[in-house]
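Visitor: Please take a close look at one part of this model, the aromatic pairing and the helix packing around it. I would like the cut-offs stated along with the findings.

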Amino acid sequence: MSSPAASDPAAAPHLRVVAGPASSPAEVKIINAVQGAIGTPAVIKAARGMSHFGEHALGWMAVGAAGALVDKSRRRQWAGVAVGAFGAHAASVIIKRVVRRPRPNDPSVQVNVSTPSKLSFPSSHATSTTAAAVLLGKLTGLPLPAVLVPPMLLSRVVLGVHYPSDVLAGSALGAASAAAVLAAEKRFTSDRTGKNPR
């Protein structure tokens, strides 16, 4: 069931679009198609669980903190996962406040979860999840971006709280944030050892 703010643009008059369209008919059709194809109660329940895990990047920060406690020999890298996820989330929030694109508010879109703000672009969940997945993948050697990122991106569309362009932009921002963390770690290692790491 859609929230009043989601179904009535007048309920949030301060949300004026500065960059990008308030709504995209083509993207609304994609949301409708996704929700119609896989928006079952079980999928929505799973998507809500992912939403709560990724809120404010807290789940990913917890993973990084737990890894740092258990894997002491790679504590700095695990801390980097937490820092990278939080930094990516913070970057997405800043961009949201500049762009100020409202979340989907078409009557045909079912909003299936509450959100801490009414701003849509980019998706902070997509941003922090991509950053964390890239950093975790580098740390563990597992293909975690391919495993973790698509479900989170799709979940935001299933829940009706983001346009496809929101999640794609968020994922790109998350990848860039992870690359920045990895570059910083490489420089730190190089400074400590006096040589470039392989």
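Guide: Rings of Phe, Tyr and Trp (its six-membered ring) pair if their centres lie within 6.5 Å; planes under 30 degrees apart count as stacked, over 60 as edge-to-face and the rest as tilted. By this rule there is 1 aromatic pair. Phe 53 and Trp 60 form it, edge-to-face, at 4.8 Å centre to centre and 90 degrees between the planes.

This is a predicted model, in which local features need pLDDT of at least 70 and side-chain atom pairs count only at pLDDT 80 or more, while totals for chains, interfaces and linings use all residues. Residues are numbered from 1 along each chain as its sequence is written, and side-chain values use heavy atoms, with hydrogens and water left out.

For burial, under 20% relative accessible area is buried, over 50% is exposed and anything in between is partly exposed (1.4 Å probe, protein chains only). Phe 53 is partly exposed because its relative accessibility is 33%. Trp 60, at 8%, counts as buried.

Trp 60 also belongs to the contact between helices α4 and α5. Helices here are DSSP runs (H or I, at least four residues), numbered from the N terminus. The axes of α4 (residues 58-70) and α5 (residues 75-99) come within 8 Å and cross at roughly 170 degrees. Axes are lines fitted to C-alpha atoms, for helices over the stretch in contact, and angles run from 0 to 180 degrees between N-to-C directions. Over 145 degrees counts as roughly antiparallel, so α4 and α5 are roughly antiparallel to each other.

Contact means heavy atoms within 4.5 Å. On the α4 side, Trp 60, Met 61, Val 63, Gly 64, Gly 67 and Ala 68 meet α5 residues that include Arg 75, Trp 78, Val 81 and Phe 86. By class, this contact has 10 nonpolar, 2 polar and 1 charged residues. Ala, Val, Leu, Ile, Met, Phe, Trp, Tyr, Cys and Pro count as nonpolar, Asp, Glu, Lys and Arg as charged, and the others, Gly among them, as polar.

A nonpolar core is a set of buried Ala, Val, Leu, Ile, Met, Phe, Trp, Tyr and Cys residues joined through side-chain atoms within 4.5 Å. The largest one has 18 residues, of which Ile 31, Leu 153, Val 157, Leu 159, Val 161 and Val 167 touch the most other members. Helix α7 (144-158) is one of those that supply at least two residues of this core, and α7 gives the most, with 4 residues. Apart from this core lies another, of 15 residues, among them Ala 68, Trp 78, Val 81 and Leu 144.

Technical notes. Angles under 35 degrees count as roughly parallel, over 145 as roughly antiparallel, 65 to 115 as roughly perpendicular and the rest as oblique.
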